[in-house]
Amino acid sequence: MRFAKGHGTENDFVILPDPEARIDLPPQRVAALCDRRAGVGADGVLRVVRTAALCGQGMELPELGSDVEWFMDYRNADGSLAEMCGNGVRVFARYLAEAGWVRDERFSVGTRAGAREVTLDHGGDVTVDMGSVSLHGSGNARLAGTQLSGIHIDVGNPHLACSVPGPVAEIPLEAGPELDPETFPSGGNLEVFQVVEPGMVDMRVYERGSGETRSCGTGVVAVAAAADPESRSGAWRVRVPGGECTVYREGPRAWLRGPAVIVAEGEVRL
Ligand SMILES: N[C@@H](CCC[C@H](N)C(=O)O)C(=O)O
């Protein structure tokens, strides 16, 4: 099976080109691909599939619009489905452009959270219109025996963004949080962040279905909203272990900008 490997601020993905939707992806197969010792290794899988091919198979998709030629079928490293992946959609766009499957600098990608417009910027960054960001009040999680409180935020997928007083490097995130199941019945992603100066935050993330990752695009957007919940506009630089992204907010909407690169291509045996 042909594959490519790419990342956005070191949130890495196995990319499976499957225009006609012929590849079956049960959770065990995804987990085997993402296994960092016995597989290719990644935080998730991006299956690159034509929207029309999925519709032809009767797959239920959100309303996407007729111009959305490509669908990002995203899976977490454990094989579970997620509605949206902010770094994934930027890497997906880079792959489509390098494969010659899109010619425009701006186009829309289908996701389970709806269509997302991406722009290939000059200089290698990819910007994605993340749509509406919804703040749903407070939420809690337990981490290493202590309670963490934060803001429950929906960026297409669920997040708990928790402001911490000290450096994020000191938080025992690797222990794995337990999010309050009443607020997060389908689980969620947890971010810890510290505002280091106006307009700049440091963040770490523990992702649902993938564990601690070096970056999470939807998490970056959630943190930019949580860092300044009263103001709804402006730019935030968000530093993650794998690099840095910028979030632009305007009213309820947000745009995520950052690097997206393809680093390898090959054949994988499963
Ligand atoms: N890494 C992603 C988020 C992937 C989905 C997440 N783990 C979930 O289950 O919601 C990103 O860049 O947004």
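How many residues of the shell around the ligand are nonpolar, how many polar and how many charged? The shell divides into three nonpolar, twelve polar and two charged residues. Here Ala, Val, Leu, Ile, Met, Phe, Trp, Tyr, Cys and Pro count as nonpolar, Asp, Glu, Lys and Arg as charged, and the others, Gly among them, as polar.

## Basis of the model

This is a predicted model, in which local features need pLDDT of at least 70, side-chain atom pairs count only at pLDDT 80 or more, and totals for chains, interfaces and linings use all residues. Residues are numbered from 1 along each chain as its sequence is written.

## The ligand shell

The ligand is surrounded by 17 residues, and the closest are Ala 82, Asn 87, Asn 157, Gly 217 and Thr 218. The most come from α3, which gives three. Helices (H or I, at least four residues) and strands (E, at least two) are DSSP runs, numbered from the N terminus.

The ligand lies between domain 1 (2–127) and domain 2 (132–258), because both give residues to the shell. The domain bounds come from an automatic or database domain assignment.

## His 159

His 159 lies in strand β10 (residues 158–163). It is buried (20 or more other C-beta atoms within 10 Å of its own, with C-beta atoms placed from the backbone), because 33 other C-beta atoms lie within 10 Å.

Leaving out residues up to four places away in sequence, His 159 touches Ile 153, Gly 188, Asn 189, Glu 191, Thr 218, Gly 219 and Ala 222. A contact needs C-beta atoms, placed from the backbone, within 7 Å.

## Two residues with positive phi

Glu 10 is not a glycine, yet has a positive phi of about 70°. It is found in the loop between β1 (2–8) and β2 (11–17). Ala 21, also not a glycine, has a positive phi of about 60°, and is found in the loop between β2 and α1 (27–34).

Partly exposed residues fall between buried and exposed, where exposed means 12 or fewer such C-beta atoms. Glu 10 counts as partly exposed because it has 15 C-beta neighbours inside 10 Å. Ala 21 is partly exposed, with 19 other C-beta atoms within 10 Å.

## The buried face of α1

The buried residues of α1 are Val 30, Leu 33 and Cys 34. Seen down the helix axis, they fall within an arc of 95°, so they line one face of α1. The arc is that of the directions from the helix axis to the C-beta atoms. The cover over these buried residues includes β2, β3 (44–50) and β4 (70–76).

Terms used
Near = placed C-beta within 6 Å. Contact = placed C-beta atoms within 7 Å.
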